[in-house]
Amino acid sequence: MKRFRTLRFRFALWTATLLLIVLILFGAFVYFSLQQGLVSAMDDSLRFSASQAIAAVNIENGQINFSDSLPESSLVADLQGRGFTIRILAPDGKILQSSGPYHSLLVDPASVQKAGMGVPGFSTVTISSVKIRVYTAPILDNQQFLGVIQIMQSLAPLVETLDRLLVALLVSIPVLLIISAFSGYYLAARALFPIDQITQTAQRISAEDLSARLNPHKTDDEVGRLAATFDNMLARLENAFRRERQFTADASHELRTPMAATQAILGVTLEKDRKPQEYRQALRDISEETDRLQGLVENLLFLARGDQRNPAQFERVDFSHLLLDTAESLRPLSEAKGLRFDVSVPEEITLFGNTDSLIRLFINLLDNAIKFTSHGEIRLLAWKEERFVRIKVSDTGSGIPDQDLPHIFDRFYRVDTSRSARGSGLGLSIAQAIVHQHAGELTVTSRVGQGTEFIVCLPIAATIQAS
Ligand code: ADP
């Protein structure tokens, strides 16, 4: 039963049904046109023979002269040789002269009457299942009705030809149908073979193992493209799952560090009675670790929610103010390290965005700049372009090695874990997530020992509102 529900079976059925309809229409057309053609050819020949015979009838003094009788003439011999029957009837329908196989056929008074009115006509008569075509025409002399001439011929050869055609059609149609159904089934099976492969591969795939691939042969047809798309999707899924797993592992690891430190401090402190300042120191240490933990959890939460943030939370932001305030809040940190802090922001830049996220973005970039710079200067420079505002955060710090540059936006990625012990490697991934939420772009260039330059490009109010 399952087989009947397959696409290839249905395809075969459709092909056969369609072909059946086409063949029936075609067969009927051929049959009836041939029938009509043959009958009209026969009628022409009967009409022509009748006119020849009428011309050969000898009329004297307004009467048919039977002495020079028709049956003996060479015309009649010729007509007889071709299977015609020829009769001459009196105006009342009495047979006066006749020759040929159907000479004694019953006279149809209606056709004689019609001929009497000067109208020739055809009729078909059946005697013991043989059909005979009869042409009845008047013999006239100066508008005077002298008698009737009838020419007949058997329709048997014509019927035989049509019967042969019918048999040929009835035999060939089922054969063609069977061939077409099988070829339809075979072609559909061939075309759908890669889809079966896709199904089997998809059945093998689970969240744990996304490594299965179809590896389609390089065909640029619909199925080839489907298979390639499927493989690409699997690769993306595998990548995403791997990153998610890595992220969970890294997050657990990062969370474990401050917790283990807290536990160690508590363990050591509680080993024996201590002086008050030792307790105070221990509490300060624990507070530092919990601060770290809190920061980490907040960052993780931010990243986890990042994808769900919607522009509905966006508002019109006085961006110039926001940049200046953020920079001022970090100035003490840079001055404490003896760094020059150069800020240049044009007035009245307005953005459509999320204030908290934008502050967080520039705190992360400026904090990194201060953190990784031991001497020289930090610069925050903003300028407006037609539809964008660009903000450059540059420093004269340690720089980032070329091989690390492509990874610095990855979650938990740190270039030198010992040097940046204060960070957790989430700052730049958060910065990038924020820039993407604002439909912007974040790029970096860096030279080891010379400094780093981050450029944020954000669309200005009107454009982002529309997007
Ligand atoms: P972290 O919290 O460790 O600073 P980030 O995601 O902010 O994490 O940065 C990732 C890594 O990129 C840092 O560990 C650091 O090695 C490097 N980095 C970021 N900003 C700078 C900078 N301005 N100068 C040098 N290195 C930087």
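Author: Let us begin with a term: two strands pair if DSSP finds at least two bridges between them. The model discussed here is predicted. With that term in hand, we may turn to the strands.

Reader: Which residue of β11 stands opposite F341?

Author: Strand β9 covers residues 340-344 and strand β11 covers residues 377-384. Five bridges join these two strands, which run parallel. The residue of β11 that stands opposite F341 is I378.

Reader: Do β11 and β12 run parallel or antiparallel, and how many bridges join them?

Author: Strand β12 spans residues 388-395. L381 has a bridge partner in β12, namely K392. Three residues lie between β11 and β12, and the two strands form a hairpin. They run antiparallel, and the number of bridges that join them is seven.

Reader: How many residues apart in sequence are the parts that R340 and E377 tie together?

Author: The search of the whole structure finds eleven salt bridges. In one of them, the side chains of R340 and E377 meet at 3.1 Å, N to O, which is within the 4 Å cut-off for a salt bridge. Because R340 lies in strand β9 and E377 in strand β11, the pair ties together parts whose separation in sequence is 37 residues.

Reader: Which element supplies the largest share of the lining of the largest pocket?

Author: The largest pocket has a volume of about 950 Å³. Its lining consists of 36 residues, and those nearest its centre are D367, N368, K371, G423 and S424. Elements that each supply at least two lining residues are α5 (222-270), α6 (276-306), α8 (355-371), α9 (427-437) and β14 (451-459). The largest share, seven residues, comes from α8.

Reader: How many charged residues does the lining of the largest pocket have?

Author: The lining may be sorted by class into nonpolar, polar and charged residues. There are twelve nonpolar and twelve polar residues in this lining. The number of charged residues is twelve.

Reader: Which element gives the largest share of the lining of the second largest pocket?

Author: The second largest pocket holds about 510 Å³ of space. It is lined by 20 residues, of which R243, F409, D410, R411 and S429 are the closest to its centre. Two or more lining residues come from each of α5, α6 and α9. The largest share, six residues, is given by α5.

Reader: How many polar residues are in the lining of the second largest pocket?

Author: By class, this lining has seven nonpolar residues and seven charged residues. The number of polar residues in it is six.

Reader: Which helix gives the most residues to the nonpolar patch on the surface?

Author: The patch is formed by F11, L13, W14, Y186 and L187, which together have about 570 Å² of accessible area. At least two of its residues come from each of α1 (7-56) and α4 (156-204); Y186, for example, lies in helix α4. The helix that gives the most, with three residues, is α1.

Key:
Residues numbered from 1 in each chain as written. Predicted model: local features only at pLDDT ≥ 70, side-chain atom pairs only at ≥ 80, totals over all residues. Heavy atoms only, no water. 1 Å grid on protein atoms, 1.4 Å probe; cavity = no way out; pocket = protein on both sides within 12 Å on 5 of 7 lines; lining within 4 Å. Points joined across faces, edges and corners; volume = space filled by probe spheres on them. Helix = DSSP H or I, 4+ residues; strand = E, 2+ residues; numbered from the N terminus. Nonpolar A, V, L, I, M, F, W, Y, C, P; charged D, E, K, R; others polar. Patch = residues over 30% accessible without salt bridge, like charges linked within 9 Å, V, L, I, M, F, W, Y side chains within 5 Å. Areas by Shrake-Rupley, 256 points an atom, 1.4 Å probe, with all protein chains shown as cover.
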